[in-house]
Structure formats: C-alpha cells, structure tokens
Amino acid sequence: MSTINGVAQVRRTATPVQQVTSLFLRVWSAWQKRRRRLKVQTALCALSDRELMDIGATRADMDYIALQQGRARPDRPAPWRIGSALAILLVVNLFSLISVDRAEAQCTAQDGLRRQLAVKVDPPAPRSEIPVSSAADVLAWKTIRIGTFTDTFALRSAMSAMGCGVGNAADEILARPAFTLSRKKAEVELVAVSVAELGFQGEASLREIYARAQQLGLALAPAEIAPQLRLQYLDQPIGEFLTIGMEPIGTWAGAAVVLTVANGGAGLILIGQDGREDAQISAISRFVFVRPGSSMAPETAAMAR
C-alpha cells in the first residue's frame, strides 16, 4: 500500500467588504469608459465632413473611434479609486462596530459617494449666449506670446515635441508663403466668443461673422496665432473647437482655409476648416479674435473682404 501525501490548496473566499469594493470599482470603471466615449462622440459629431477628412476620419468611423477612446486608458487602481475603495471599507467597518439605524447609515454612505462623484463629474458652468454690444463687453480670454520662432520649421518641431497633432489641411497651410511669423516678440490678448454671442441664431456665413466682429471692434488674428495657441493651450478640454478669426489662406489647389485649435478626444490638434466667405457656421461654434488694445490689434484690424 502506498500513501500519497500532498498539500491541499485552500481557496480564499472574498469577504463581503472585498466583494463590495470590487463591485464598486467595476461599476465606476464602466461608467468612466462610457463617459469618455460619449464625450468623443459629441465632439466628432460637431465636426464638418471636411474637418473629419482633415483628421483622417469619416462619419462612419465615429463610433469605432469613440469605442477605442473609451478603451484607451487602462483600468489601473489610480490613487483616487483606491481612496474610494478605502472610504467604502471604512463605512462598512464602522457599520459593523457601532449600532445605528440601517437606513440612516445607508443614506450617509450614499450621500458621501454622491458628493465624491459630483466633485469628479460636474459639468463646467454654461457660457452666456447673450449677444455682446461692443468689444468692451468681452473679457480677455487668454494672453499668448508670438514672434518666438525664427521659422516654420522650428514651429513645427516644437509642436511635434509637445505631441500636438496637425491635420492635413493645416499642415499644408503652415507651408504656404501666405503663412508668416512675426519678426518681433509680443503678447497678444485674445477673446473667445460664440457665433450666438455675436448676435446670430442658427447659422451665419463667415463673411457675416467677420463683419459683425468688426462692428464690435474686434480684430482678426494673424495666422501665427493658431499654432501658437495650440502650443500654449495644452489644458484644452475635450470637445472644444476654437476657430481662429483670421484671413483665410489658400491651399495649393486654391481652397480657402482657416485654422481651428481642437481637442476632439484623441489628443490636441490643429486642423483646417472651410474658409470660404459663404461657408455656413453654426451658432454654437466659437471664434478667437484679437482684443482691442492688444499690442497686435493695430496691425490686424483689417477684416476679410
């Protein structure tokens, strides 16, 4: 007779606390993925066909891009997620140590979790869409520096080093003779206004938008503002697209293009947009102009004709 002696493996059973923590982390991870996916879908739907083409996509690709973006970030136990799990563990342990009303304890835990989620996902305050009556009513949005690059090669190298993408049309515009850089260093105050704030409803042509901006006293931006803003606006929120109010520049094929500083969810990018005078722009679109009194305003006061 032979006897086989072995060590039996003991499977550890997850405690209720561990099960609750694991469930919370899975639900929160799924919610975060869905939120990222919806943000990307919203941003892509707001793009015109030409803008989608400029970033190498079509409307048929939007769902796929959004799905991939939702999966882009690995589910790692970030510090705040670990903190959330510890908070739940603390609530459970306290519940087991002290005698309180079950319903009251449950409400307290839910309120704490709800407040924590509210801090993470509260949307930004809505912007006012009340039409402005003059440039003096528009607050300065951002001050940026120009004239910091000797040539477009140095400018492109800086954008590449910062991980800023450039769409096909924008790439062509940066190489055109009409795209120039300032020879002097200067600081420029910019304003960001929506087409609705300029007094339009529904849609307006680029010609009408520029004419209204001129009436208010705003000035067109030099073309250099677009890539400089891209480099100096690295915290741009996902879903924001800012069209630079600039003189359109023609491509080699003769198409008029203006530049847009964007974050569509796949990264910071500079893209081209239809710059024809009769191009129809949505009222929710936002433009960047030079603020009156800025050091560059006298040189950029001439509007497109």
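This briefing describes the fold, the strand pairing and the buried parts of one protein chain. The structure is a predicted model. The protein chain contains 9 helices and 10 strands. Of its 305 residues, 38% count as buried.

**Overall features**

- The accessible surface of the protein chain comes to about 18,000 Å². Carbon and sulfur atoms account for 56% of that surface.

**The largest nonpolar core**

- The largest nonpolar core has 54 residues, and I209, I244 and F289 touch the most other members. Strand β3, residues 186–194, gives the most to this core, with 6 residues.
- I209 is one of the buried residues of helix α8, and I244 is a buried residue of strand β5.
- Leaving aside residues up to four places away in sequence, F289 touches E189, L190, V191, V193, L198, I209, Y210, A213, L218, A219, L220 and G245.

**Strand β5**

- Strand β5 covers residues 240–244, and 5 of its 5 residues are buried.
- Both faces of β5 are covered. On one side lie E240, L242 and I244, and on the other lie F241 and T243.
- E240 has a relative accessibility of 8%, so E240 counts as buried. The side chain of E240 makes a polar contact with the side chain of R286, at 3.3 Å.
- β5 runs antiparallel to strand β7 (residues 256–263), and 4 bridges join the two. Within this pairing, the bridge partner of L242 is V261, and F241 stands opposite A262.
- β5 runs parallel to strand β10 (residues 286–290), and the two are joined by 3 bridges. The bridge partner of T243 in β10 is F287.

**Strand β7 and its other partners**

- Strand β7 is mostly covered, with 7 of its 8 residues buried.
- Strand β6, residues 249–250, is joined to β7 by 2 bridges, and these strands run antiparallel. I249 stands opposite V257 in β7.
- The hairpin of β6 and β7 has 5 residues between the strands, and in this hairpin G254 takes a positive phi near 95 degrees.
- β7 is also joined to β8, by 7 bridges in an antiparallel arrangement. N263 has L268 as its bridge partner in β8.
- The hairpin of β7 and β8 has 4 residues between the strands, and here G265 takes a positive phi near 110 degrees.

- Just after α8, G217 takes a positive phi of about 95 degrees.
- Helix α9, residues 225–232, is mostly covered, with 7 of its 8 residues buried. The buried residues of α9 are I225, A226, P227, Q228, L229, R230 and L231.

**An exposed loop position**

- A175 is placed in the loop between α7 (168–174) and β3.
- The relative accessibility of A175 is 53%, and the cut-off for exposed is over 50%, so A175 counts as exposed.
- A175 and T251 are 76 residues apart along the chain, and their C-alpha atoms are separated by 9.3 Å.

Notes. Residues numbered from 1 in each chain as written. Predicted model: local features only at pLDDT ≥ 70, side-chain atom pairs only at ≥ 80, totals over all residues. Heavy atoms only, no water. Buried < 20%, exposed > 50% of the residue type's maximum accessible area, 1.4 Å probe, protein only. Polar contact = N/O pair within 3.5 Å; in protein donor to acceptor, adjacent residues only side chain to side chain. Core = buried A, V, L, I, M, F, W, Y, C linked by side-chain atoms within 4.5 Å. Contact = heavy atoms within 4.5 Å. Areas by Shrake-Rupley, 256 points an atom, 1.4 Å probe, with all protein chains shown as cover. Pairing = 2+ DSSP bridges.
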